[in-house]
Amino acid sequence: MHTTYRPGPWYLIALPGVLVALPPETPADVVRTLWDRMPDQRSLATVLDVLASHAGGDFAALPPFVAAVADGTDLRIALRGDVSAHVGTAGGVQHFSGAELTTWSERFVGGATRVEIALGGGGDGIELPLGSGVVHAAAASADLEESRPAAAPVVAREPEVERPAAREPERAPEPEPARAPEPEAAPEPAPVSEPESAPEPVPVEPSVPDATLLPSEVTLAPTSEDFDQLWGATVHSAPVAGVERAPAAPASAQGDHDGATISVSELRALREQAPPASDAPTAILPVVPAASGRVRVSTGQVVTLDRTVIIGRRPRAARAGGANLPHLIAVDSPQQDISRSHLEIRPEGDTVVVIDLHTTNGSTLLRSGAEPVRLHPGEQTIVLSGDVVDLGDGVEVVFEDLP
């Protein structure tokens with residue numbers, strides 16, 4: 001905004017896009033308050049707020065004033081008292097007056113090109129340029145279109161700052177020493193990457209949950225909580241009937257003899273006490289074959305019932321080994337409904353029984369044509385072909401081809 005004014009008695013506050021005129025009797029602190037607030041609060045509301053505060057909130061006590069605030073070519077103007085304003089647009093000039101008003105007159109003019117305010121009080125006709133400041137004036141005018149080119153000088157100065165171009169020769173020698181450390185690239189692929197490949201065996205872990213663990217694939221090393229099971233198969237020596245043993249000698253006299261070894265004389269006495277052999281033929285006991293059939297788990301595992309089967313999140317077998325090692329089937333249980341060792345399936349002669357291993361959420365037997373039955377923890381329940389045991393968490397066990 002290019003502003004000019006004619007000297008006179010009124011206070012004229014000029015800022016970019018703002019013209020405010022107040023009468024000569026206006027207190028200096030009101031003028032100073034407007035000057036301080038208008039740069040950050042550039043609106044007519046700010047002018048009216050300062051003047052109303054000075055008048056004690058009585059609008060009738062407001063002093064005469066003119067306030068014009070421009071936003072590009074949009075202009076808002078307010079007048080009160082014996083003052084006038086003329087706003088030029090592409091369609092002509094609009095005239096506004098604040099005379100004979102109880103409060104004030106406020107107008108909005110779009111596409112304004114020029115604004116002139118007449119304050120009265122004479123003036124010598126000299127028009128002086130004004131950028132920003134507070135002056136005494138009788139009239140003022142501002143060209144709104146010329147307020148935009150003010151940014152042009154800023155763009156013109158930008159090329160002047162491009163003096164660092166003279167420093168370009170100084171940067172020329174910098175790239176040459178920068179290439180010298182190229183041999184240092186050799187230590188980068190040093191043995192750092194080799195130790196990182198060591199953790200490759202870790203992916204073996206995820207192979208456990210979804211696979212049927214056969215006896216040859218399981219290590220029965222008990223955990224710390226099962227340490228007492230290591231001694232489950234220990235055989236205690238019992239005294240031999242009819243053989244008197246000498247009291248154990250002190251440790252110093254026994255040497256490496258533990259006191260439980262049978263001497264030659266004791267062995268002879270034991271043979272003499274053996275009952276005579278009977279001529280009756282020995283009865284041959286028929287071998288009862290184990291039950292056949294298989295179980296199919298909904299997670300995909302299929303196991304033949306040639307021995308005991310234990311199903312759970314992390315099934316384990318206690319006091320078992322060799323040919324008695326059961327099948328261990330691990331299943332996923334995102335909701336933790338299935339216990340670590342949840343269900344035991346045991347072939348018993350020509351039948352198959354299931355046992356709920358005292359689980360938290362239990363097991364349910366589903367049989368066609370019958371109501372669901374909840375298994376009693378620790379009790380054996382006979383199952384038939386087609387029966388289904390629901391372990392929870394969407395895991396079911398189906399029995400097939402049972403005898």
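Trainee: In S22, which residue is the bridge partner of Val 297?

Mentor: Please note first that this is a predicted model, in which local features need pLDDT of at least 70 and side-chain atom pairs count only at pLDDT 80 or more, whereas totals for chains, interfaces and linings use all residues. Residues are numbered from 1 along each chain as its sequence is written, and side-chain values use heavy atoms, with hydrogens and water left out. Strands (E, at least two residues) and helices (H or I, at least four) are DSSP runs, numbered from the N terminus. Two strands pair if DSSP finds at least two bridges between them. Here, Val 397 in S22 is the bridge partner of Val 297.

Trainee: How many bridges join S12 to S22, and how many join S12 to S13?

Mentor: Four bridges link S12 to S22 (residues 395-400), and these strands run antiparallel. Three bridges link S12 to S13 (residues 302-304), also antiparallel. Within S13, Thr 304 stands opposite Arg 294. The hairpin of S12 and S13 has four residues between the strands, and Gly 300 takes a positive phi near 115° there.

Trainee: Which residues form the covered face of S12?

Mentor: Val 295 and Val 297 form the covered face of S12 (residues 294-297), while Arg 294 and Arg 296 form the uncovered one.

Trainee: Why does Arg 37 count as partly exposed?

Mentor: Buried means under 20% relative accessible area, exposed over 50%, and partly exposed in between (1.4 Å probe, protein chains only). Arg 37 counts as partly exposed because its relative accessibility is 26%. Arg 37 belongs to helix H1 (residues 28-37).

Trainee: What does Arg 37 touch, not counting residues up to four places away in sequence?

Mentor: Contact means heavy atoms within 4.5 Å. On that basis, Arg 37 touches Thr 46, Asp 49 and Val 50.
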